[in-house]
Amino acid sequence: VGREANDPFPSVEESDGNIGSFLQLYLNLKKLNVIAGIRYDLFELTSTHLSPRVGMLYKLSPNLSLRGTFATAFRTPNPFFRYNSYLVQEGDLSTLQTSSEFLVLDDESTFNYEFGLRYNWRKQIYADVAFYLTETTNFISYNFGFSETQRFNNQDWFYLGYLNDENSISRSFGIQGRINLQDDSRTYKPRLVLSFNIADGKEVL
C-alpha cells in the first residue's frame, strides 16, 4: 500500500487471499434422507465466515414425500469499499482522507428456507410444490452523515462512503411448483409440464 500524508486519494495496491473448505454429511435411512454441509471461508483482509446448509426428504408414503432446505450465503466487503470511503473534519474540507484505517464493514448475510411436498405416481404424474423465503440483511450502501463512531482526536468528522445499513432488509417469499404429466403407454410418449411461481417481497434500503 503506497500513500502520502497529504494525499487524500493515495495509490493503493492490495491483494486479498481466500481459503475455503467444505464438509458434507449424507444420511440415508428407511424413510429419511438428509444432506448437511458447512463451508468455512477465511479472507485475508476482512473476516472468517461459516455457511451451513441442510436438506432433507421424508417419505410420508411410497408416493408422497415432505422436503425442506435451509441454506446461508454472504457477500464479504472488498478493498474497493474501504478505499473509496472518506472522512472530512467538520468545517475543513482540506482534511479529506480515506477511511481505510478506521472503516470496519461486516458481511451482507442471506438466509433461505424452503419447504414442500413431492408426489410421484408410476412415473406418469410428478408434482412438486414448495413455499420459500429468502432474506438478505446488513446491506453495504453508499451514504453520507455523521455519527459518534466517526469521532477521532476529540473532533467531529463527517463520513462519505460505504457503510453497513443495520436497518436494511430484502425479503422475498412465495410458492413455486412443477407438475409433470407423461403417458409412457403410447409410442410417442406425450408429456405436459406446468411450472408456476407466485411471489411477493419487501425491501428496506
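Let me start with one residue. Y162 is buried, at a relative accessible area of 16%. Keep that tyrosine in mind. Before going on, a caution: this is a predicted model.

What does Y162 pair with? Its ring sits with the ring of Y142, centres 4.9 Å apart. The two planes stand at 75°, so this pair counts as edge-to-face. Where are the two tyrosines? Y142 belongs to strand β9, and Y162 to strand β11, residues 155-164. The pair therefore ties together parts that are 20 residues apart in sequence.

Ring pairs link Y142 and Y162 with F80 and F81 into a cluster. Across the whole structure, a search gives seven aromatic pairs.

Now the overall layout. How many helices and strands does the chain have? One helix and 13 strands. In sequence order, the pattern reads β-β-β-β-α-β-β-β-β-β-β-β-β-β. The chain has 205 residues, and 27% of them count as buried. The exposed surface comes to about 13800 Å², with carbon and sulfur atoms supplying 55% of it. Residues 24 or more positions apart account for 56% of them.

Next, the sheet. Eight strands make an open sheet, ordered β1-β2-β3-β4-β7-β8-β12-β13. The pairing is antiparallel. Which strands stand at the edges? They are β1, residues 18-28, and β13, residues 191-204. Each has a single partner strand, so one side of each is left without a neighbour in the sheet. On average, neighbouring strands here are turned by 10° against each other, direction ignored. As a reminder, strands of a sheet pair through backbone hydrogen bonds.

Let me zoom in on β3. On one side is β2, residues 32-43, joined to β3 by 11 bridges. Those two run antiparallel. Within that pairing, A36 stands opposite V54 in β3.

Then β3 to β4. Strand β3 covers residues 48-59, strand β4 covers 64-75, and seven bridges join them, again antiparallel. The two form a hairpin, with four residues between them. Which residue in β4 is the bridge partner of K59? It is S65. Further along, G55 stands opposite T69 in β4.

Follow the chain past β4. T76 lies in the loop between β4 and α1, which spans 79-83. T76 is buried, with a relative accessible area of 17%. The cut-off for buried is under 20%, so T76 qualifies. What does its side chain touch? A polar contact of 3.2 Å joins the side chains of T76 and D107.

One more loop residue, N138. Where is it? In the loop between β8, residues 125-137, and β9, residues 140-145. Its backbone stands out: N138 has a positive phi, about 65°, although it is not a glycine. Is N138 buried or exposed? Buried, with a relative accessible area of 17%.

To close, back to the start. Beyond the loop of N138 comes β9, and β9 holds Y142. Y142 pairs edge-to-face with Y162, the buried tyrosine I opened with.

Conventions. Residues numbered from 1 in each chain as written. Predicted model: local features only at pLDDT ≥ 70, side-chain atom pairs only at ≥ 80, totals over all residues. Heavy atoms only, no water. Pairing = 2+ DSSP bridges. Axes fitted to C-alpha atoms, helices over the stretch in contact; angles between N-to-C directions. Buried < 20%, exposed > 50% of the residue type's maximum accessible area, 1.4 Å probe, protein only. Polar contact = N/O pair within 3.5 Å; in protein donor to acceptor, adjacent residues only side chain to side chain. Phe/Tyr/Trp six-rings, centres within 6.5 Å; stacked < 30°, edge-to-face > 60°. Contact = heavy atoms within 4.5 Å. Areas by Shrake-Rupley, 256 points an atom, 1.4 Å probe, with all protein chains shown as cover.
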